[in-house]
Each structure stands twice: as structure tokens, then as C-alpha cells.
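Open the model in your viewer and keep the selection tool ready. The stops below can be taken one after another.

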Amino acid sequence: MSIATTHPVEHAADHHPSGLLRWLTTTNHKDIGTMYMIFSLIMFFVGGLMILAVRAELFQPGLQLMKPEFFNQLIGVHALVMIFAALMPAATGFANWMIPLMIGAPDMALPRLNNWGFWLLPPAAILLTLPFTLALLGIGDGAIATGWTFYAPLSVQGGMGVDFAILAVHILGISSIMGSINIIVTIFNMRAPGMTMMKLPLFAWGWLITAFLLIATLPVLAGAVTMLLTDRHFGTHFFDAAGGGDPILFQHLFWFFGHPEVYILLLPVWGLMPHVLSTFCRKPTYGYKAQVYSFVAIGLLSVVVWAHHFFTAGMPVPALIYFMFSTMAISLPLAVLFFCWIATMWKGSMTFETPMLFAVGFIVLFGIAGLTGLILADVAADAQYHHSYFVVAHFHYALFAGGIMGVMTGVYYWLPKWTGHMYSEKLGKLHFWLTVVSFNLTFIPQFFLGLAGMPRRIPDYALQFAEFNAISTVGAFILGLSQLIFAWNIWTCVRGGPKVDSRVWEGAEGLEWELASPPPHHSWETQPVIK
Amino acid sequence: MLNCVFRSQGADVAAANTRCRVRRRVFSTAALTASGTAGAAFNFNFPEPVTPIARETLHIHNEFMLIITILFVVVFAIMIYSMIKHRKSVGHQPAKFTGPTGKMQWFWALVPFGILLFIDFVLMGIPAVNAIITMEDTQTRADMVLKVTGMQWKWQYEYPGTDVKFISTMATPRDQIANAEAKGEHYLLEVDKPVVLPVGKKVRILLTSTDVIHTWWVPQFGVKRDAIPGFLRETWVLIEKPGIYRGQCAELCGKDHGFMPVVVHAVPEPEYLAWLEQKKAEAKAAAGGADRAWSRDELMAAGKDVYDKQCVACHQANGQGLPPAFPALAGSKIVTGPLLGADGRIIKDSHVDRVVNGKAGTAMQAFRNSLSDVELAAVITYERNSFGNKVGDMIQPAQIKALR
């Protein structure tokens with residue numbers, strides 16, 4: 001605390017290098033958080049452009065724009081980019097910006113690790129997408145074409161795009177693990193005096209569980225893709241039956257990571273929701289403890305249900321029944337969260353600014369993801385849904401409506417705090433309504449496509465699927481274009497706009513709203529005391 | 001409705017099915033949330049089921065859809081009511097509670113939890129367990145076996161106990177896919193040789209693969225099972241109604257994943273037996289063909305047929321391939337290299353070796369088991385003397401037979 005007395009807050013910002021070097025060398029949690037958010041937004045558009053090319057190809061039957069090989073590359077890299085380079089960095093960006101502010105800490109516990117964690121991301125993103133460029137120059141045959149799941153033996157057979165993706169996943173994994181260590185250490189050690197674990201903001205709780213899940217499961221993914229790498233180049237046979245291996249082993253390892261990954265993407269959003277709801281309902285969060293226990297329960301359950309991702313691969317009846325019931329059990333803690341969200345709204349005094357609109361949109365659409373997830377858990381019905389567009393629609397309700405709309409909620413909620421300016425409420429509402437309508441226009445037809453029997457990941461389809469695909473493509477393009485409003489709104493808000501006070505929202509409660517907007521370069525040099 | 005569900009828990013699921021059928025029909029119409037008037041182009045539900053499993057699956061699906069629709073409507077009706085009544089603009093003052101206070105509130109907080117527990121593990125769980133047990137019972141009273149082998153990008157069907165074995169590839173012309181000609185009615189869902197099965201017989205289906213993982217799926221059968229290289233997986237169908245049923249590979253298996261249809265002709269048993277006899281005779285005739293000497297023109301003509309079905313997807317009609325994943329045959333060192341060693345055996349990594357044994361870790365599969373002696377000899381001869389390759393030699397089916 002002696003530093004605080006010799007370096008007054010308003011001068012602290014003068015001590016860092018300027019220009020590019022500032023961003024390269026920064027160890028400030030806000031700078032790093034900002035970089036995470038910008039990186040995430042850029043990659044969101046990169047991944048979005050890829051899938052718009054795919055939707056354009058699927059607008060009509062027949063191959064119009066691309067070869068099937070290229071189509072397969074686009075779908076896989078779209079998923080990898082959206083999951084690892086758009087959604088996960090956005091959540092880490094939130095954590096960097098908000099956790100120190102919320103728990104009354106001056107910065108993250110490990111600032112240099114923080115810097116390193118971020119700067120691993122751009123090289124990884126380049127590794128993922130570089131094979132596209134190399135193929136244009138005649139080197140190799142493009143990016144990974146196995147879908148994001150890397151299933152062996154298809155991935156053993158694939159071109160060098162698979163090696164690029166394996167290395168990219170390694171680097172992204174290291175970055176995520178470092179971020180997680182930092183968040184855990186920060187939450188455990190740097191809370192303001194008096195902030196017990198059961199007074200910790202729910203956003204921090206959500207992230208804490210995410211961080212543990214990342215540390216528990218990412219090494220398994222790293223192991224799986226390393227085994228794949230040695231199968232490809234060093235003569236091992238982990239996934240080759242001819243050498244005593246088993247292709248299904250890869251699926252077990254992959255989904256041991258892959259299923260918790262869903263909750264890794266969603267828990268930060270679930271953590272954020274109570275803050276937003278409580279703010280715009282002007283009413284304290286309902287069921288704080290119940291929500292914390294639900295986070296923990298979902299975290300624990302998420303690592304024991306993985307095989308429901310490949311029921312069709314065939315497994316013994318007891319295994320089918322176990323994985324079905326354990327998956328269904330997740331609906332119980334999830335229902336507690338829904339109950340608490342709605343109970344927080346109940347008898348509040350609601351207003352519907354953009355963050356609240358996104359929060360309500362999130363609850364409804366994520367509800368569809370949860371309910372369709374419940375029926376997907378049923379092994380018998382899953383035999384029809386699996387590998388079909390029904391599943392595609394389901395997980396986009398989970399990861400777009402649940403994940404990305406959750407991130408948008410957070411961006412609109414905290415952007416005035418970060419910039420000191422209010423964004424355009426008019427554009428924000430326009431963005432919300434366009435997003436919600438076009439999202440449903442894109443994905444509701446995909447539920448029906450799946451039921452009618454259209455497999456996923458096909459570049460061309462039978463004629464009975466034509467109408468729904470055309471509708472879905474129209475929806476996707478409106479959805480994609482609507483996001484330009486989002487980017488423009490953020491840009492103009494960063495550049496200027498009406499000044500906001502420290503509290504920003506009438507009903508906002510919590511330490512982060514005690515600091516000025518934007519907060520000083522070094523926040524909480526004197527720790528607040530929680531009574 | 002509840003009656004119906006509980007009755008299906010009983011041991012005799014089939015009997016319960018019949019009893020519930022009428023109710024179920026009403027039920028499924030109600031469950032079609034989007035529309036009761038499904039047009040030809042807009043299917044809002046599973047296609048018509050033709051096996052007991054598919055009917056069971058459709059029933060479960062409809063039931064679950066109804067349950068989750070009710071949950072959705074009830075939960076969000078409460079939320080929307082709150083959003084209308086409890087807003088600042090109508091002057092609602094916020095309450096201060098942060099959890100259940102008093103016994104009644106605890107009761108109301110726990111009721112939804114209890115309802116969900118009941119839905120998960122009783123209402124949905126019990127029919128699901130019954131369905132799983134039925135679905136996985138491939139062996140009880142099975143009448144026959146069909147072996148299905150997935151390979152990039154076609155299906156091989158075998159009738160164990162007979163010599164009948166054939167490969168089924170997509171019949172849709174490439175020009176239709178490239179939009180150069182009008183698309184036919186069964187665009188992408190038509191094959192050269194459909195698999196034929198008898199109706200009313202329980203067919204145990206064994207699945208495997210020669211290269212990567214494929215998934216055999218016919219939506220109207222309600223089964224979908226992965227074909228995994230090096231392992232056998234199984235499922236079963238009992239088709240109740242004659243007809244032509246179409247499906248597709250459902251697991252991403254490489255570039256032509258979208259062009260790997262499944263077509264099943266379900267016919268009455270006498271018709272099936274007649275077809276099987278005819279196939280047996282064809283197999284016998286083909287096996288005999290390996291013993292006679294073939295002329296080069298005959299081999300070239302037969303070779304082109306095989307090439308156009310088995311090889312063209314990767315190596316292309318002009319033999320230029322799609323490098324680097326799928327190398328060119330035109331001017332290839334392997335194709336234009338020596339045919340066999342001085343001792344009459346296969347030279348490692350030679351043309352014959354590649355076609356017969358494939359290349360591990362690539363899409364080049366071993367055709368040893370999927371093509372006959374005649375087909376192998378023909379296609380090898382064809383490749384050596386086409387696309388500008390002028391090796392001039394040929395290999396006889398009898399030579400291939402001797403190499404096996």
C-alpha cells in the first residue's frame with residue numbers, strides 16, 4: 001500500500017511505454033482485458049465469414065461455390081475459431097477486466113503470466129487459418145477438414161492442416177490454463193478484506209468453476225491430440241485397430257474435454273446473468289447460495305457424462321443407461337439456475353435496456369437449448385437426432401444464444417463502465433431484435449431438417465431439404481450483417497458519447513460500480529473493506 | 001396419455017404399442033408444435049416409421065416434445081407475466097427477498113425441482129430404458145444377418161453364408177451435382193445396387209469399415225450405427241412394409257461424405273429369395289471368369305466400368321487426381337512402373353500393391369476384399385493404359401487369383 005501513497009492514481013498511467021509497445025508489454029488487467037475483447041470480436045467475424053460461405057453453398061442443392069474438401073475445412077475451422085478464439089477469449093477478457101474490480105483487487109495476481117497468456121492467442125489463430133493461405137500458394141491441401149472434433153482415423157488420414165490445428169490447440173490450451181491459474185490465484189488470494197467466498201460475486205464464482213474445469217480437462221485434450229500427432233508421424237497406433245489401437249478411444253478422450261468445454265463456455269455467462277438481472281430488476285439476486293451450489297454441481301457432473309456425444313458408436317447397455325441418466329441429471333442444477341433467474345425478476349421493478357433485453361433473450365433461447373438437450377440425452381431418440389441438423393440447431397442454441405448472446409449481454413452491461421461513455425441504446429435495441437429474429441430464422445428450420453433426416457456436415461443435400469436450407473441461409477446472412485451494428489456501436493462508444501457516472505445503471509450494486517467510469521489505470525490501490 | 005406411458009413400461013412392449021396406437025396418433029398430431037399440415041417440402045417430424053424401433057422412437061420423440069413444450073410454455077409464461085406486471089414503467093416497487101422465506105415459499109421452490117426429477121427419471125427415463133433394451137437386443141429371434149462395410153465413399157453389403165457381396169455406390173451423375181443438368185427426383189439418394197431385404201424378418205446388421213468411421217443411417221428405420229474400422233458394431237431392423245427406403249452416411253468421412261447414400265429395397269420374402277438366387281448365380285459366374293484368359297479390350301472395357309465407380313471420386317475422370325491428397329494416375333511413376341517382380345510376386349509399393357493392399361494412413365484403401373479378381377485385373381490394366389499412360393502390358397484375373 002506504500003506505493004499507493006507515492007504514486008497518486010491519476011499519474012500512474014504515465015509510467016508505461018506508449019504506442020504498440022504499450023500493448024505488447026502491458027501487464028495491466030484492463031489493457032489485457034481490452035485486448036482479449038478486441039481479439040475475440042475480430043475472430044467472431046472471421047469465424048462468421050467462414051460459416052456464411054458455408055451457408056451460401058447450402059442455399060440451394062448442388063455444388064455452387066466450393067468443392068466438398070474446402071467445405072469440410074470451413075465447417076471445422078469455423079467451430080475451432082468460434083470456440084477457442086471467439087468465445088473463450090471473450091470470457092477471459094471479462095474475467096480480466098471485471099474480477100479485480102469486483103473483488104476489490106488492484107490487478108490480477110500474476111500480471112506477466114496474464115500478458116503471456118494473451119499473446120499466445122494471435123499465433124494460435126494464425127496457425128489455425130494459415131493453411132487456407134498456404135493452399136492458395138499451392139502449399140498443402142488446406143486447413144483441417146475433419147470438423148472440430150478431430151476424429152481419428154479421418155484425422156490420421158488428413159493433410160498438414162491437421163498438424164497446424166493440433167499445434168494451434170496446444171497453444172490455445174496453454175494460454176487457457178495460464179489464464180485459469182491466474183483467475184484461481186486472484187480469487188483465492190486477492191479478495192478485499194471481509195469478502196468471504198460466500199460473498200464473492202457470482203460472476204467470479206462462475207469463472208472459478210470454469211477455471212478448475214479448464215485445468216482438469218484441457219490436458220486430456222492436449223494428450224489426445226498429441227497421440228494423434230504421433231499416430232500421424234511417428235508410427236504409433238493409439239487409434240489404429242490394425243496396430244492394437246481403438247478409434248473410439250479418441251472419442252472418449254476428446255469428449256472428456258469436449259463436454260466440460262460446453263460448461264467452460266457457459267459458466268462465465270451464467271455467472272454474469274444474476275448481476276444483469278438484479279441491476280435491471282432493482283432487486284437483489286435470488287438464491288445466491290443455490291446458484292453457487294448449482295455451479296459446483298454442474299462442474300462436477302460435466303466431467304462424468306461425456307459419452308452421450310457418441311451413443312451411436314455402440315456401447316454396452318449399462319453404459320448407455322448410465323450416460324443417459326447422468327446427462328439428464330444435469331437438468332436439475334440447471335433448472336435451479338433458471339428458477340433463480342426468474343425469481344430474481346419476480347416482483348422487481350424492471351426496465352429493458354439493451355443488456356436486459358439480451359439477458360431475457362438469453363434465458364428464453366438458452367431454455368430451448370436446455371430442453372432439446374434433455375431429449376438428446378435419451379439414447380433411443382438420440383439414434384435419430386445424432387449426427388443430424390437437429391444437433392446442429394441444439395448446440396447453436398447453447399453456444400450462440402447461450403454463449404455469444406451472453407457475451408453480448410456482458411459487453412452492453414459493462415461497456416459504459418470500461419469506456420466512460422454510453423453506447424447508442426437505439427442501435428443496441430436494433431441489434432438485439434435483428435439478432436434474435438434472424439437467429440431463430442437460421443436455426444429453427446435446422447431442427448426440422450434434422451428431424452426430416454438431413455445429416456450434418458454435408459456440402460450438398462437431397463431435394464426435400466431445399467426449402468428449409470434456403471430459409472436458414474437467409475437467416476444466417478441477416479444474423480451476420482446484424483453483427484456489424486454491434487461492432488459499430490462498440491466503436492462509436494469507445495470513441496465518445498454521453499458521459500456516464502460511476503454507477504452507470506440505476507440498480508447496479510457491487511464494488512465495480514464504486515470506481516469511476518472508466519476506472520483509473522490502477523484500480524483499488526487501497527482495498528475496500530466489505531462489512 | 002399418462003396411461004399410455006405407464007403401460008409401455010410393461011414387459012410386453014409390443015402389446016402396449018398396439019393398445020396405445022390410437023391415442024398415440026392423436027398425441028403426435030398435438031405434438032407437432034409448428035404445424036399439423038406438413039406439406040411435401042416441409043416435414044416437421046420424423047419420416048414415416050417402418051420398423052418397431054422407428055415407431056418407438058417417434059413415439060418417444062413426440063412424447064418428449066410435448067413435455068418440453070409444456071415446460072417451455074409454463075416457465076416462460078410465468079416470466080412474461082412478471083415482465084408485464086413487475087416493470088418500473090407501471091410503477092411496480094421492487095421487493096427485497098433473496099430466497100424462500102417461510103414454509104410455503106420453500107414448498108413452491110421445491111415443487112418444480114420435484115416435477116423435473118419425476119419427468120427426468122420416470123416419465124422420460126422409464127420408456128427410454130425400455131427402448132434401449134429393445135434397440136440393443138440384436139440377437140433374439142434374428143432371422144438373418146447382413147454385413148455392412150463402410151468405405152470411402154460407398155457401402156459394401158454381404159450376405160453371410162452365401163457368396164453374395166457387392167458394393168453400392170451413388171448413382172447420381174456428377175453433372176447433376178455440378179448443376180450442369182436437371183436434378184432427378186432422388187438426387188443424391190440413389191445407388192447403382194441397392195441392398196435388398198425381406199419384410200417381416202428380423203435382420204441383424206453387423207457393421208464395420210475399412211478406412212475411417214462411417215455411420216449407416218436410414219431415418220425410416222430409426223437406427224443409426226457407426227461403422228468403425230477394425231471393430232464390429234451391430235444393430236437390427238424388422239421392416240414391416242415393402243418399399244424403397246433411403247438414407248445417408250451420417251459421420252463426416254472425408255470429401256465425399258455427402259455422396260454416400262444408403263438405399264434399401266424391402267420386398268416380400270419370396271421376391272427376396274429369388275433375388276438372392278439370382279445374385280448367387282452372378283457371383284458364381286464372376287468367380288468362373290477368373291479362370292479364363294481375358295483379351296486386352298475386354299479388360300479395358302471392364303476396367304473403365306470399375307474405375308468410374310470405385311476410383312473416379314478421388315483420381316478423377318481424367319486421371320489427374322486432386323493433388324496433394326489424391327495423386328494423379330496420369331504419368332504416375334507407380335502406375336507406369338513394373339507390373340510384377342521377376343518371381344511373379346507383388347513388388348512393394350508397386351501399382352498392383354497399391355490397388356490390392358492400399359496405402360495405410362491415406363484414403364487409398366485396399367481393394368483386396370471389395371473387388372473380384374476380374375475387377376482388380378481389369379482396373380489395373382485400364383489404369384496402365386489410359387490417361388496418356390502407355391505401359392502396354394496387362395494382368396490376367398488368373399494372376400490376381402494366384403497372388404491372393
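In which loop of chain A does A:R457 lie? Select A:R457: the loop between helix 18 (425-452) and helix 19 of chain A holds this residue. Helices (H or I, at least four residues) and strands (E, at least two) are DSSP runs, numbered from the N terminus.

Before going further, note that this is a predicted model, in which local features need pLDDT of at least 70 and side-chain atom pairs count only at pLDDT 80 or more, while totals for chains, interfaces and linings use all residues. Residues are numbered from 1 along each chain as its sequence is written, and chains are lettered from A and ligands numbered from 1 in the order in which they are written.

**Backbone stops in chain A**

Most residues other than glycine have a negative phi, and most peptide bonds are trans. Stay on A:R457, which is not glycine and has a positive phi near 60 degrees. A:R457 has 21 other C-beta atoms within 10 Å and is buried. A residue is buried if 20 or more other C-beta atoms lie within 10 Å of its own, exposed if 12 or fewer, and partly exposed in between; C-beta atoms are placed from the backbone.

Next select A:K347, in the loop between helix 14 and helix 15 (354-376) of chain A. A:K347 also has a positive phi, near 60 degrees, and is not glycine. With 19 other C-beta atoms within 10 Å, A:K347 is partly exposed.

Now select A:A152 and A:P153, whose peptide bond is cis, with omega near 0 degrees. A:P153 sits in the loop between helix 7 (121-136) and helix 8 (154-157) of chain A. Another cis peptide bond links A:S517 to A:P518, with omega about -10 degrees. Look for A:P518 in the segment after helix 19 (466-495) of chain A.

**Where the two chains meet**

Select both chains. In total, 86 residues of chain B are in contact with 79 residues of chain A; contact requires C-beta atoms, placed from the backbone, to lie within 7 Å. On the side of chain B that touches chain A, at least two residues each come from helix 3 (52-85), helix 4, helix 5 (125-136), strand 6, strand 7 and strand 9 of chain B. Helix 3 of chain B gives the largest share of that side, 14 residues. By class, the side of chain B that touches chain A has 49 nonpolar, 22 polar and 15 charged residues. Ala, Val, Leu, Ile, Met, Phe, Trp, Tyr, Cys and Pro count as nonpolar, Asp, Glu, Lys and Arg as charged, and the others, Gly among them, as polar.

Axes are lines fitted to C-alpha atoms, for helices over the stretch in contact, and angles run from 0 to 180 degrees between N-to-C directions. Residues in this contact include A:L332 and A:F339 of helix 14 of chain A, and B:F113 and B:L116 of helix 4 of chain B. The contact of these helices has eight nonpolar, one polar and one charged residues.

**A sheet in chain B**

Which strands make up the open sheet of chain B, and in what order? The sheet has five strands in the order 4-10-9-6-7, with mixed pairing; two strands pair if DSSP finds at least two bridges between them. Strand 4 (195-198) and strand 7 (223-227) of chain B are at the edges with a single partner strand each, so one side of each has no neighbour in the sheet. Neighbouring strands of this sheet are turned by 25 degrees against each other on average, direction ignored.

Select strand 6 (residues 214-218) of chain B, which pairs with strand 9 (residues 243-249) of chain B in the antiparallel sense over two bridges. In strand 9 of chain B, B:Q248 is the bridge partner of B:W217. Strand 6 of chain B also pairs with strand 7 of chain B, in the antiparallel sense over five bridges. There, B:W216 stands opposite B:R225. Four residues lie between strand 6 and strand 7 of chain B in their hairpin, and B:G222 in the turn has a positive phi of about 70 degrees.

Technical notes
Two residues are in contact if their C-beta atoms, placed from the backbone, lie within 7 Å.
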